[in-house]
Amino acid sequence: MNPTFSLKVRPGHPDFLDLPWMRSIVDWPDERFVELPRGPSRHEVRFIAYDQGLYVIKELPLAAARQDYEVLRALETQDVSAAVPVGIVEDRHPDHGAERSAAIITRYLEHSFTYQKLVQKHDFGARRPQMLDAFAGLLVELHLAGCFWGDCSLANVLYRYDAEAIEPIMIDAETAVLRETLSDGQRAEDLEIMILNIAGGMADIAAARGLSVEEADLTLGEDIAERYRILWRELNETRVIAPEEGFKITEKIERLNDLGFDVDEVDLLPADGGGRLRMKVKVGGRNFHSAKLHRLTGVEALERQARQVLSDLHYYQCQTGATTPTGKEVAAVRWRVGVFEPMLERLRALGEIQDPIQAFCAVLHHRYLKSYERGGDVGTEAAFQDWLAAGRPDDLQATHDTGDNPTRAA
Ligand SMILES: Nc1ncnc2c1ncn2[C@@H]1O[C@H](COP(=O)(O)OP(=O)(O)OP(=O)(O)O)[C@@H](O)[C@H]1O
Ligand SMILES: [Mg+2]
């Protein structure tokens with residue numbers, strides 16, 4: 001049969017024309033796929049390898065596929081942490097029925113894993129506060145971008161270790177809707193859905209482990225909502241300052257940068273008949289440190305990793321006595337070539353390391369702990385040797401417990 005499907009693919013990726021789109025992915029030959037762990041889903045999801053990397057194909061009804069694709073496209077331009085859309089296939093074989101009439105292709109999220117992986121015994125254990133921050137931060141980012149999710153759940157997010165934090169990535173946008181801005185009511189509704197979904201997810205986890213529902217962490221979603229409200233207030237509050245209190249603007253920007261948010265604009269409007277100023281800050285994406293690290297050194301890292309790696313660059317600049325702007329720039333290049341790249345090489349050579357930058361962060365954290373214990377700097381080399389001798393202690397619980405290694409499996 002001649003193909004009738006239509007395929008939209010973004011540049012920089014395979015054309016996917018070698019795939020038998022006229023058949024349902026359920027019927028494609030097994031050897032075409034890469035077997036990797038995946039979370040629960042209603043739709044058929046498969047992983048497929050190309051020279052350009054790993055991709056995910058999800059088969060679903062046309063309207064849902066279009067919504068998913070369009071929302072993910074829009075979120076990408078706003079730097080929201082979400083799956084990267086690569087293509088959409090429409091008008092496939094009519095015999096598939098509505099349920100399988102279309103498909104979307106996304107980039108496989110390297111080093112990511114499902115929430116089941118984070119669950120310790122029957123809850124998130126010590127990672128619970130990180131989960132609160134992760135979910136609250138993601139919902140705030142989405143709402144700032146005008147995105148009502150409508151189905152925020154533990155399963156519709158993938159997770160990545162990001163230094164001492166968890167980076168959550170939205171993967172399922174079928175139900176999401178984009179608006180110019182969201183009303184307070186819409187945001188509250190999205191939080192309600194999240195609370196319900198997460199309580200359901202936690203009850204399922206408990207049941208799967210033979211526990212009663214009373215033992216489930218049913219308030220996780222409410223605690224996320226609480227943290228969300230605090231963060232939302234912090235980002236959206238309007239403060240009134242006196243004209244001589246310009247330092248409060250700097251303070252506010254630094255506080256937001258510290259939370260990882262980029263500040264796009266600061267609006268200052270006259271207040272109280274002109275004697276004072278109303279200050280409102282407009283935030284951009286949550287990639288302040290990763291953008292800064294990239295600008296200074298060309299290194300790409302996740303946001304919290306970047307914050308930690310930047311502190312190593314500052315440590316290096318201090319040690320080498322670089323104080324002038326040019327001196328610091330030169331030191332940044334020297335740090336990359338003389339410190340960062342060689343250390344990454346050594347970490348890669350160890351094998352078993354999934355994400356070398358995350359491992360580098362573990363070494364930096366170890367250096368901090370050892371220096372603190374000793375009451376003085378132990379230096380990177382000594383810290384690295386000690387870290388190796390101690391069996392690569394995973395202070396950030398991150399370097400070698402991500403069993404879902406796509407590159408090895410591929
Ligand atoms: N970009 C991606 N990278 C890695 N894994 C992915 C990606 N997208 C989806 N997955 C895997 O596929 C699983 C199902 O994805 P998704 O939630 O999008 O499916 P779904 O059928 O639409 O879910 P739902 O039942 O909520 O409608 C995820 O749990 C994840 O393991
Ligand atoms: Mg899903």
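So, the largest nonpolar core: it has 96 residues, and Leu 139 and Ile 224 touch the most other members. Keep in mind that we're looking at a predicted model here. Which helix gives the most to this core? That's H3, residues 128–144, with 10 residues. As a bit of background, nonpolar side chains in soluble globular proteins tend to be buried together.

If you leave aside its neighbours within four places in sequence, Leu 139 is in contact with Cys 152, Asp 190, Met 194 and Tyr 228.

Okay, zooming out to the whole protein. We've got 12 helices and 12 strands. Along the principal axes, the C-alpha trace spans about 70 × 65 × 50 Å. Buried residues make up 35% of the 410. And if you take contacts between residues at least 6 apart in sequence, 62% of them join residues at least 24 apart.

Now the domains. The protein is divided into four stretches: domain 1 is 6–107, domain 2 is 115–234, domain 3 is 241–283 and domain 4 is 289–409. Between domain 2 and domain 3, the C-alpha centres lie 30 Å apart.

On to ligand 1. How many residues surround it? There are 20, and the closest are Arg 38, Gly 39, Ser 41, Arg 42 and His 43. By type, the shell divides into 8 nonpolar, 7 polar and 5 charged residues. Which domains give at least three residues each to that shell? Domain 1 and domain 2 do.

Last stop, a couple of backbone angles. Phe 16 isn't a glycine, but its phi is positive, near 60°. You'll find Phe 16 in the loop between strand S1 (6–9) and strand S2 (44–50). Is Phe 16 exposed or only partly exposed? Partly exposed, because it has 18 C-beta neighbours inside 10 Å, and a buried residue would need 20 or more.

Asp 272 is another non-glycine residue with a positive phi, this time near 50°. Asp 272 sits in the loop between strand S11 (263–271) and strand S12 (276–283). With 10 C-beta neighbours inside 10 Å, Asp 272 counts as exposed, because the cut-off for exposed is 12 or fewer.

Conventions: Residues are numbered from 1 along each chain as its sequence is written. Chains are lettered from A and ligands numbered from 1 in the order in which they are written. This is a predicted model: local features need pLDDT of at least 70, side-chain atom pairs count only at pLDDT 80 or more; totals for chains, interfaces and linings use all residues. Helices (H or I, at least four residues) and strands (E, at least two) are DSSP runs, numbered from the N terminus. Two residues are in contact if their C-beta atoms, placed from the backbone, lie within 7 Å. A residue is near a molecule or strand if its C-beta atom, placed from the backbone, lies within 6 Å of it. Ala, Val, Leu, Ile, Met, Phe, Trp, Tyr, Cys and Pro count as nonpolar, Asp, Glu, Lys and Arg as charged, and the others, Gly among them, as polar. Domain bounds come from an automatic or database domain assignment. A nonpolar core is a set of buried Ala, Val, Leu, Ile, Met, Phe, Trp, Tyr and Cys residues joined through C-beta atoms within 7 Å.
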